[in-house]
Number of protein chains: 6
Amino acid sequence: DFLNALTEVTSAFGASTDDLERCRLNGMVDCGARHHHIYQRAMLLVEQVKVSKGSPLVTCLLEGPSGSGKTALAATVGIDSDFPYVKIVSAESMIGLSEASKSAQIVKVFEDAYKSQLSIIILDDIERLLEFVAIGPRFSNLISQTLLVLLKRLPPKGKNMLVIGTTSEVTFLESVGLRDAFSVTYHVPTLNKEDAGKVLEQLNVFSGDDVDSAAETLNDMPIKKLYMVIEMAAQGAQGGGAEAIYSGQEKININHFYDCLGDVVRP
Amino acid sequence: DFLNALTEVTSAFGASTDDLERCRLNGMVDCGARHHHIYQRAMLLVEQVKVSKGSPLVTCLLEGPSGSGKTALAATVGIDSDFPYVKIVSAESMIGLSEASKSAQIVKVFEDAYKSQLSIIILDDIERLLEFVAIGPRFSNLISQTLLVLLKRLPPKGKNMLVIGTTSEVTFLESVGLRDAFSVTYHVPTLNKEDAGKVLEQLNVFSGDDVDSAAETLNDMPIKKLYMVIEMAAQGAQGGGAEAIYSGQEKININHFYDCLGDVVRP
Amino acid sequence: DFLNALTEVTSAFGASTDDLERCRLNGMVDCGARHHHIYQRAMLLVEQVKVSKGSPLVTCLLEGPSGSGKTALAATVGIDSDFPYVKIVSAESMIGLSEASKSAQIVKVFEDAYKSQLSIIILDDIERLLEFVAIGPRFSNLISQTLLVLLKRLPPKGKNMLVIGTTSEVTFLESVGLRDAFSVTYHVPTLNKEDAGKVLEQLNVFSGDDVDSAAETLNDMPIKKLYMVIEMAAQGAQGGGAEAIYSGQEKININHFYDCLGDVVRP
Amino acid sequence: DFLNALTEVTSAFGASTDDLERCRLNGMVDCGARHHHIYQRAMLLVEQVKVSKGSPLVTCLLEGPSGSGKTALAATVGIDSDFPYVKIVSAESMIGLSEASKSAQIVKVFEDAYKSQLSIIILDDIERLLEFVAIGPRFSNLISQTLLVLLKRLPPKGKNMLVIGTTSEVTFLESVGLRDAFSVTYHVPTLNKEDAGKVLEQLNVFSGDDVDSAAETLNDMPIKKLYMVIEMAAQGAQGGGAEAIYSGQEKININHFYDCLGDVVRP
Amino acid sequence: DFLNALTEVTSAFGASTDDLERCRLNGMVDCGARHHHIYQRAMLLVEQVKVSKGSPLVTCLLEGPSGSGKTALAATVGIDSDFPYVKIVSAESMIGLSEASKSAQIVKVFEDAYKSQLSIIILDDIERLLEFVAIGPRFSNLISQTLLVLLKRLPPKGKNMLVIGTTSEVTFLESVGLRDAFSVTYHVPTLNKEDAGKVLEQLNVFSGDDVDSAAETLNDMPIKKLYMVIEMAAQGAQGGGAEAIYSGQEKININHFYDCLGDVVRP
Amino acid sequence: DFLNALTEVTSAFGASTDDLERCRLNGMVDCGARHHHIYQRAMLLVEQVKVSKGSPLVTCLLEGPSGSGKTALAATVGIDSDFPYVKIVSAESMIGLSEASKSAQIVKVFEDAYKSQLSIIILDDIERLLEFVAIGPRFSNLISQTLLVLLKRLPPKGKNMLVIGTTSEVTFLESVGLRDAFSVTYHVPTLNKEDAGKVLEQLNVFSGDDVDSAAETLNDMPIKKLYMVIEMAAQGAQGGGAEAIYSGQEKININHFYDCLGDVVRP
Ligand SMILES: Nc1ncnc2c1ncn2[C@@H]1O[C@H](COP(=O)(O)OP(=O)(O)OP(=O)(O)O)[C@@H](O)[C@H]1O
Ligand SMILES: Nc1ncnc2c1ncn2[C@@H]1O[C@H](COP(=O)(O)OP(=O)(O)OP(=O)(O)O)[C@@H](O)[C@H]1O
Ligand SMILES: Nc1ncnc2c1ncn2[C@@H]1O[C@H](COP(=O)(O)OP(=O)(O)OP(=O)(O)O)[C@@H](O)[C@H]1O
Ligand SMILES: Nc1ncnc2c1ncn2[C@@H]1O[C@H](COP(=O)(O)OP(=O)(O)OP(=O)(O)O)[C@@H](O)[C@H]1O
Ligand SMILES: Nc1ncnc2c1ncn2[C@@H]1O[C@H](COP(=O)(O)OP(=O)(O)OP(=O)(O)O)[C@@H](O)[C@H]1O
Ligand SMILES: Nc1ncnc2c1ncn2[C@@H]1O[C@H](COP(=O)(O)OP(=O)(O)OP(=O)(O)O)[C@@H](O)[C@H]1O
Ligand SMILES: [Mg+2]
Ligand SMILES: [Mg+2]
Ligand SMILES: [Mg+2]
Ligand SMILES: [Mg+2]
Ligand SMILES: [Mg+2]
Ligand SMILES: [Mg+2]
């Protein structure tokens, strides 16, 4: 079942929670060497935080195009860390709150984490936390200042913390000084042809002949959007075909797949 | 009676409501292949939502010039979906509310929909929901952020949702990141000569000889404006002629029709 | 008496009210073919609204330079319509109110009108309702959004409404999308030489020889300003001459008239 | 005594009040033909208002450089009008009030005036009433809108009103539409050589030989600033000389006068 | 003792107060002809205010680079005036107050002064009273309007007032119209070589040979900064040397003086 | 142990506090002549403040790139001063407070310090206290004005104060006038090759041969970032290696060190 495909990367779970699991609804497939490298470096930071005395606070930013897999990756690191406190801070649970309330809620998460000897905080979609919009541009400077201070403030003696941020607006974060507030930054890329081919094989929804042609058209596609197109295509041109595809009885019609791709991709 | 002309497209009603019906006051006539294609693709998304496990939230934007039929089309998809929860969110019922109240009301509609296994939410005239005005430009960033989060937030497990947005300001939506927040976007066009001719024949208010000449002048006309011009012209130059036209006793004078068209169309 | 000169156009009064009458303090004289044409087209819309089933809301904008007679014209259409509900919405009665109160008051007028089977609402000096000022520019987006929605929202079933707007800032209305929110727009012009001559003859304050020379200098003059200059000139160079002029005993001295015109017209 | 020099222009007082008198602390001397002409035209408007039926509201703007005598002139017209209600609206009595309070207070003055059959309202230093500052520029749009409406709103039937505005920022008033809200505008100029000479002779503080040389240097000087320089010069280089000058015992030393002029005039 | 050096200029004290004395912590030394000239002209204005009938309000602005001695000069004029009411208005006593409170407090000082027959108000560091910052630029328009009105409003009959403003941001004051709101403006300069030499001789902290070389390097130095450098240099390179210098036992090492100057002056 | 390496510079402690010690978590190593020079000049200012009569307030700004050691240096001066009152004002303890509260809290620290005969106040990260963000730019003018006044206001008689500010946004401080509000400014630089080599030798985590090659790559590195890279590298490529490095048993692998450096440094 391609919806639950899991790679060995995430096979050994640590402190997992429902919230984190919902961040990778389509599981974790092998997306190629570049994605894997980032996972490994992030896990090294987890190790460093465990033993550090001189840098009780380590901060790491995952940036990349919309849908490239940043949130799923951060969640996976959180799950695999085995840390007693892993928390995701997301705009989803703060809709409609005032800037001050949002800021207070973020501070609260940090204060809670300070009580744990080892903690991970995921600041998901930082531009959304900051209520960023490109026109103007506008954003919440209150929340921006809060993050700037929190990303520099040391936890109490004896407590170590890893902060992972995600964003698809790294230029904006740069311009408000938030990019430089992170110690390290990793770029999470879209899939290239090879990556896409690898993913399609794992999903097993195309006939062997079509995998390569399909992968070719998926160059530069974010992993999240790939799942959306596959699912659209799986319905078939008349609808109702999804069952047969997912059960493996039938394969996706490559031409209908091209049609769906055309609807999703901007000309 | 041209005011109630209905095509077969909408003949099989599902979960219809008065609100949705008011969105297509002049019924649904055949507006040509391009309109029909969009209807079909939107109905495929309805099918996808019904069976999807990996994408519990599907989002679709209908954009196009003012009066091109977006709202009527969205309402028709809602009616034809047979979904238990179909709701239109419009600025009309929120005049004068504060940004915060509007935002809360929109959130409320989503929360209600989450209780239904299958739901459709129509965000009508998104630029109006956002209180957009081109000077500045100005708009409600609070509501904009609310929509950005809602269009990404997954419904609870087991609940699937289709969101249809409409707008005649797609460039603005683009600039605030709302266009890319939708999975797919369809452009609802104005009528071309052929479409207009087809519509005029269905309305049957011109003498046979005049249909073609009239259609010629209606190139690039939105369907909504076409209805307005026809009705103006139906009064006759001295007024009082509408009854005779609608009952079929008389036909519209083509020259008076040209006059009315001149008043409505910008030089 | 030129202050009460009335043309046949307005001779047959319908549902008249004091408020509407005050909008044409100097009565309605014949201002030439272009003014008359607009009056006729507006009256045709009145007819359309009476019988329409497919367009329960018709909207019409009168735009033109300051003082060209827009308000008087709209009031006249309202009076001549015989509609049971005719209401003028003006900034005069809302001085100092908050944007929210103004908006609420405007909505109230529409809600009241919805109770009437046939209604006319005159939105007078829309730029003033919107608190428009060219520097910035600044304006009330709250009221602007309210109008944008009200100009599109359909009255309840069975109720028909005509909205007439007036403005001398059509470019501004264009830029906030309010111009396109009206179905039709008519340009109310200043007087040309011929129009001015016609008006002067009706007023009968110049000796026959002077009418033409005077009219010549009044080219491109708005009707409202024409009345102001005439009255200034009627005082005479030493003051106190008005009585004699209005009673017809004397005529205005053409040179003094030129002097007054120079004070009023910008070099 | 030059401090109380009064010309015949203001000799016949009408409805005078202390407030208006304080506006011309140095009395009214003959400032030349251009000043006099404005006074005469303004008095003609007073006459017109007395008898008008078709224009119950007449509005007139006095604009000119700082210190050119606008306020004193407006006050003089008010005093000489003999009208039962003459009121000056000035920022001096409204320091620190909120925009809303200022606006309300201005409206109050108009409402009071509406009760009088004949009234004059002087809006002094309109840019100050509007809290105008060139940087930005910034100003109170609330008060600006209030004035725009008040300058157009007709008094109740049977009541006639003259509004006189003064400003040294006519370009600003133009840009907010307030200049065109006045029916007529007069430019109050600085003194030229001839005017200055005439004034100096009336003041009689220079020896006959020096009057011409002094007047020469006073070209383009506003009348108000002229009084300030004369008074500075009258102290003498060591101070204490004023008494002797004003009593006519001594004359001002022309070289010390040049020194003072240098301090006051911008290089 | 150079810290208490007083010139004859300030030897005859009038109505002195502690507040005013603190404004010239380092006393008043002879800073050269240009400083002296300004003092004399300001004292002439004091004389004028004492006897004036036609100009009950005289206003004077002291502008010049930071530290050039404006505040000390204004305080000295206040002390030397012998006026019963001399008050300094400074941002120091209003930190953190709202704009409205600051404005009210300033108005209060004027109202209090109006009760005195003769009064001096020093508006110190006007840009600071206005909360000016160059970015934007931003400033309090409320306070700016308050000052604009207060600088024009006449005291009650029989009361005369001198207002002295100081600023190091004369261009900003110009741009908000505050510079022209003062009758006269004097530019308080930095020291030139000659002035600096004169001051150094009075301070007597260099050996005779070094005075000239030191003065040479102090060209264009504000008097306030000169005191700071001298004090830094007086510590000696190893610290602890100040006592010996001030008591006259030792002289400042010229090379260490150059070092300190390098730290203070911008390259 | 490199985490606690202390140079002789800070060996003689004065009034030390926990807060100040936390500002130099990695101790104080010898960072080369330029850092040392600044320390010495700052300590001379401490001496000056102790004995000054004419300048009771001395102010000094430490500016330099992020992580160059400004805060640790300021804290060290505070600790070494032996002053009874040493206080650090930092945004960390004021997260989420309103501008007014922050401003009040800063004023409070100054008021408290005024009670001490000798005091040092460290304004840490002034751009953060001002909530500065480069877009716009935006910042708190309230706090900016508060600092501008506090940096000029003299302590009460007999009390002397040293204020040390730190910032990595000196251009911004310049533009709001805060840079010139300090008497002296010192630039705290990044390390050059020689400095870095010196530091690496003190840390003793590389084999002798590698120190020079490593130092070469650390040119222009801020001391704070150097510690972060060293700690990352100390984990080893597989993690878990830190213990062995810090205990001196093993040395850092130079190639892994280059890898880590690559992650931290921007291409
Ligand atoms: N190796 C992988 N890495 C990341 N995501 C993966 C991987 N394999 C499968 N996925 C799936 O791809 C999707 C990635 O979406 P995700 O929300 O993480 O992207 P994102 O970059 O955070 O998007 P956005 O920019 O919209 O926030 C998830 O549904 C996840 O289950
Ligand atoms: N095939 C059709 N598709 C859409 N609308 C149709 C069709 N046939 C007839 N209509 C009529 O055309 C009108 C379309 O107006 P609608 O309000 O949907 O346009 P719109 O694009 O939403 O306009 P706006 O940009 O002003 O929101 C409706 O009155 C509808 O009844
Ligand atoms: N045929 C006419 N049409 C319009 N106004 C007329 C006509 N004949 C006479 N008038 C008089 O001319 C004046 C027109 O002024 P009105 O206030 O309508 O102008 P306006 O265009 O609304 O001005 P503004 O731009 O200031 O709002 C009224 O006093 C009206 O009585
Ligand atoms: N003929 C005159 N016209 C005007 N003012 C005169 C005349 N003769 C003497 N004055 C005196 O000149 C001064 C004019 O100052 P006034 O305040 O009227 O100028 P203003 O143009 O209103 O200045 P501001 O631009 O500062 O408001 C008054 O003191 C007045 O007494
Ligand atoms: N002749 C003098 N004139 C002015 N100040 C003098 C003179 N002699 C000595 N001083 C001393 O020089 C210093 C001048 O500082 P002051 O605060 O007046 O300058 P300022 O121009 O107001 O500075 P800022 O621009 O910072 O407000 C005072 O300490 C004063 O005692
Ligand atoms: N000689 C030194 N000077 C300064 N810091 C040193 C020195 N030796 C070691 N350090 C260590 O280097 C680090 C310097 O970091 P610090 O926070 O002072 O930098 P900063 O310039 O204030 O950074 P930021 O710009 O982020 O505020 C501290 O951990 C400190 O212990
Ligand atoms: Mg994400
Ligand atoms: Mg629509
Ligand atoms: Mg009008
Ligand atoms: Mg004036
Ligand atoms: Mg000063
Ligand atoms: Mg720091």
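# Helix packing, loops and chain contacts

In chain C of this predicted model, C:Lys225, C:Val229, C:Ile230, C:Met232 and C:Ala233 of α10(C) meet C:His256, C:Phe257, C:Cys260, C:Leu261, C:Asp263 and C:Val264 of α12(C). Sorted by class, the contact of α10(C) with α12(C) has eight nonpolar, one polar and two charged residues.

How do these two helices sit against each other? Two packed helices are described by the angle between their axes and the distance between the axes. Helix α10 of chain C covers residues 223-234, and helix α12 of chain C covers residues 254-264. They pack at an angle of about 130 degrees. Their axes are 9 Å apart. The angle makes α10(C) oblique to α12(C), because angles from 65 to 115 degrees count as roughly perpendicular and those over 145 as roughly antiparallel. The crossing of α10(C) and α12(C) is right-handed.

Now turn to chain F. Here α9(F) and helix α12 (residues 254-264) have axes that come within 11 Å. They cross at roughly 10 degrees. That makes α9(F) roughly parallel to α12(F), because the cut-off for roughly parallel is under 35 degrees. From α9(F), the residues F:Asp210, F:Ser213, F:Ala214 and F:Thr217 take part. They meet F:Ile254, F:Phe257, F:Tyr258 and F:Leu261 in α12(F). By class, this contact of α9(F) with α12(F) has five nonpolar, two polar and one charged residues.

Follow chain F on from α9. The loop between α9 (208-217) and α10 (223-234) of chain F holds F:Asp220. This residue is not a glycine, yet its phi is positive, at about 70 degrees. Is F:Asp220 buried or exposed? Its relative accessibility is 52%, so F:Asp220 counts as exposed.

E:Asp125 has a phi of about 55 degrees, although it is not a glycine. Its place is the loop between β3 (118-123) and α5 (126-129) of chain E. E:Asp125 counts as buried because its relative accessibility is 12%.

Stay in chain E for E:Asn141. This residue belongs to helix α6 of chain E, which covers residues 141-150. Its relative accessibility is 11%, so E:Asn141 counts as buried. Which residues does E:Asn141 touch, not counting those up to four places away in sequence? They are D:Glu131, D:Val133 and D:Arg138 in chain D, and E:Glu99 in chain E. The side chain of E:Asn141 also reaches the backbone oxygen of D:Glu131, at 3.0 Å.

Chain D has a backbone feature to inspect as well. A cis peptide bond joins D:Gly136 and D:Pro137, with omega about -10 degrees. D:Pro137 is placed in the loop between α5 (126-129) and α6 (141-150) of chain D. Look at chain F for another cis bond. It joins F:Gly136 and F:Pro137, and omega is about -10 degrees. F:Pro137 lies in the loop between α5 (126-129) and α6 (141-150) of chain F.

Next comes chain A, with two loop residues. A:Ala91 is in the loop between β2 (85-89) and α4 (99-114) of chain A. It has a relative accessible area of 10%, so A:Ala91 is buried. Leaving aside neighbours within four places in sequence, A:Ala91 is in contact with A:Arg128 and A:Leu129, and with B:Val149 in chain B. A:Lys157 is 66 residues from A:Ala91 along the chain. The C-alpha atoms of A:Ala91 and A:Lys157 are separated by 30 Å.

The other loop residue is A:Arg179. Its loop runs between α7 (170-175) and β5 (184-187) of chain A. A:Arg179 counts as buried because its relative accessibility is 17%, and the cut-off for buried is under 20%. Which residues are in contact with A:Arg179, leaving aside its neighbours within four places in sequence? In chain A they are A:Leu61, A:Val170, A:Leu173, A:Glu174 and A:Thr185. In chain F, the partner is F:Arg266.

Some chain pairs have no contact. No contact joins chain B and chain D. Their closest C-alpha atoms lie 15 Å apart. No contact joins chain C and chain F either. For that pair, the closest C-alpha atoms lie 18 Å apart.

Notes: Residues are numbered from 1 along each chain as its sequence is written. Chains are lettered from A and ligands numbered from 1 in the order in which they are written. This is a predicted model: local features need pLDDT of at least 70, side-chain atom pairs count only at pLDDT 80 or more; totals for chains, interfaces and linings use all residues. Side-chain values use heavy atoms; hydrogens and water are left out. Helices (H or I, at least four residues) and strands (E, at least two) are DSSP runs, numbered from the N terminus. Buried means under 20% relative accessible area, exposed over 50%, partly exposed in between (1.4 Å probe, protein chains only). A polar contact is a pair of N or O atoms within 3.5 Å; within protein, one must be able to donate a hydrogen and the other to accept it, and residues adjacent in sequence count only if both atoms are side-chain atoms. Contact means heavy atoms within 4.5 Å. Axes are lines fitted to C-alpha atoms, for helices over the stretch in contact, and angles run from 0 to 180 degrees between N-to-C directions. A crossing is left-handed if the near helix is turned anticlockwise from the far one by less than a right angle, and right-handed if clockwise. Ala, Val, Leu, Ile, Met, Phe, Trp, Tyr, Cys and Pro count as nonpolar, Asp, Glu, Lys and Arg as charged, and the others, Gly among them, as polar.
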